[in-house]
Protein chains: 2
Amino acid sequence: MKNEKILNVSVDCVVFGYDVATKSLNVLVIKRFLESEKEVLVDDYVLTGYHVYQHETLDDTATRVLKELTGLTNQYKKQFKAFGNPDRLTNEKDLIWIKNEEFNTRTFTIAYYFLLKTDDVDLNKNEHQAKWFPVNNLPELGFDHKKIITEAYEDLKTKCLSEPIIFKLLPDKFTINDVQDLYESILGIKIDNRNFRRKLINKKYIIALDEKQVGVSKKPAQLYIFSKDVYDKMFQKNYLINI
Amino acid sequence: MKNEKILNVSVDCVVFGYDVATKSLNVLVIKRFLESEKEVLVDDYVLTGYHVYQHETLDDTATRVLKELTGLTNQYKKQFKAFGNPDRLTNEKDLIWIKNEEFNTRTFTIAYYFLLKTDDVDLNKNEHQAKWFPVNNLPELGFDHKKIITEAYEDLKTKCLSEPIIFKLLPDKFTINDVQDLYESILGIKIDNRNFRRKLINKKYIIALDEKQVGVSKKPAQLYIFSKDVYDKMFQKNYLINI
């Protein structure tokens with residue numbers, strides 16, 4: 001076993017939060033700061049993560065990490081990829097940060113992403129100096145966390161085309177414009193308004209309420225909810241081949 | 001660090017092979033056999049896997065495992081999930097198999113699946129007593145490998161609806177019936193023949209050859225190929241929202 005590295009397994013969490021007011025898809029990251037007497041050694045951001053406790057499943061660890069960061073439980077989470085390149089934690093700042101004691105450790109991380117509303121997180125309550133950044137305008141990130149966020153975002157883009165996960169990012173009651181704004185924000189595209197509206201309204205699982213927006217300056221728009229029950233019943237055995 | 005389990009990280013591979021002649025989607029598993037003087041202790045099947053070598057990426061390990069099992073390289077592979085429940089290797093047979101020395105080890109496995117043609121694998125060449133089983137008629141499996149196969153299969157079912165991965169399971173030249181048979185085999189459904197044929201023929205990336213089947217007793221059918229180049233160009237920026 002000599003020269004063998006000690007293995008470590010962690011879970012890292014990409015927390016996506018959508019801000020319906022600013023139409024911005026954001027990622028929650030925490031500050032990493034270290035200085036010597038002379039200079040700043042490390043000053044950037046990282047994802048939150050932690051090693052997997054002995055009696056925990058991977059899902060347990062992800063849930064714990066999110067709860068410690070945001071206070072939230074029961075958010076949509078998806079384990080999307082494991083990262084384990086031998087050189088993933090070997091740039092200079094990372095070595096300063098993890099210190100010598102862990103120099104001989106190889107860390108595999110199982111990455112999850114969470115989908116929630118920016119509004120649901122009270123950043124004043126956390127001790128991590130956590131901060132939202134737009135997914136398309138991220139700060140300098142430590143370790144391989146830029147890569148992890150990029151891959152999480154790619155997975156989200158693909159998945160939101162074929163599964164109704166997008167509603168996890170919206171308030172329970174939303175307008176059709178809210179849904180279109182969100183798709184445009186995630187995919188970075190412009191969607192034809194009339195086609196989109198017609199298609200969406202025709203879905204049996206998009207249900208119109210007897211309610212309209214309140215407190216808006218323009219003409220208040222109709223509010224809708226997404227019914228997971230209806231969706232699940234429709235798609236239980238109804239495969240739609242769309243290659 | 002006392003009482004801490006030693007961590008181990010492995011890669012397990014679900015090898016899906018499609019047999020176009022019998023229209024059967026199969027999984028390649030290897031025999032696990034152990035007997036004492038008195039009785040058979042372990043007699044079942046498992047997936048092939050191996051721990052991750054020090055200088056390997058996870059993809060490297062998966063590629064190595066497939067090559068050792070089948071001789072094949074460059075097959076479609078997908079890392080689909082990590083499994084790390086604390087109790088995943090604790091049933092009686094598994095404990096006999098892994099022996100006492102590894103009793104205090106917690107093994108995380110990063111699971112991949114591969115898509116290939118049953119015909120491409122020469123089982124006589126391998127030393128593992130490897131065998132194909134239909135995915136819907138699996139033998140008794142050790143560890144949590146039944147669960148891993150089930151989750152790989154679910155991922156394949158979802159993915160084949162929105163990405164053209166199905167062509168990895170077919171010969172380069174195929175008939176429209178071959179594609180339909182394959183979808184029906186994977187999804188366990190009956191597809192309307194005329195609709196399916198019309199839709200598929202209209203795809204720009206399904207290209208008719210100046211060739212027909214040879215050596216068939218019925219009327220020889222038109223052969224087609226799938227063009228990845230055309231597909232990639234069409235879908236590069238062309239998101240199709242289909243929730």
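Is Phe167(B) buried or exposed, and at what relative accessibility? At 9% relative accessibility, Phe167(B) counts as buried, a term that stands for under 20% relative accessible area, with exposed meaning over 50% and partly exposed lying in between (1.4 Å probe, protein chains only).

The model is predicted, so that local features need pLDDT of at least 70 and side-chain atom pairs count only at pLDDT 80 or more, while totals for chains, interfaces and linings use all residues. Residues are numbered from 1 along each chain as its sequence is written, chains are lettered from A and ligands numbered from 1 in the order in which they are written, and side-chain values use heavy atoms, with hydrogens and water left out.

A pair of aromatic rings is described by the distance of the centres and the angle of the planes. Over all chains, the whole structure holds 24 aromatic pairs. The rings of Phe80(B) and Phe83(B) have centres 6.2 Å apart and planes at 70°, and the pair is therefore edge-to-face. Rings of Phe, Tyr and Trp (its six-membered ring) pair if their centres lie within 6.5 Å, and planes under 30 degrees apart count as stacked, over 60 as edge-to-face and the rest as tilted. Phe80(B) is buried at 8% relative accessibility, and Phe83(B) is buried with a relative accessible area of 4%. Phe167(B) and Phe226(B) form a stacked pair, because their ring centres are 4.5 Å apart and their planes are at 5°. This pair links distant parts of the chain, 59 residues apart: Phe167(B) lies in the loop between helix 3 (145-162) and helix 4 (176-187) of chain B, and Phe226(B) in strand 9 (residues 222-226). Helices (H or I, at least four residues) and strands (E, at least two) are DSSP runs, numbered from the N terminus.

In chain A, one aromatic cluster is formed by Phe16(A), Phe80(A), Phe83(A), Tyr113(A) and Tyr153(A). Lys157(A) lies over the face of Tyr153(A), at 4.6 Å from the ring centre. The charged end of Arg64(A) likewise sits over the ring of Tyr53(A), 3.7 Å from its centre. For such an arrangement, NZ of Lys or CZ of Arg is within 6 Å of the ring centre and within 35 degrees of the ring normal.

Leu34(A) belongs to strand 2 (residues 24-35) of chain A and is partly exposed at 29% relative accessibility. Beyond its neighbours within four places in sequence, Leu34(A) is in contact with Val40(A), Leu41(A), Val42(A), Ile96(A) and Trp97(A). The C-alpha atoms of Leu34(A) and Trp97(A) are separated by 7.7 Å, although the two are 63 residues apart along the chain.

Lys23(A) lies in the loop between strand 1 (6-19) and strand 2 of chain A and is partly exposed, with a relative accessible area of 44%. Phe143(B) is found in the loop between strand 7 (130-134) and helix 3 of chain B and is buried, with a relative accessible area of 18%.

Key: Contact means heavy atoms within 4.5 Å.
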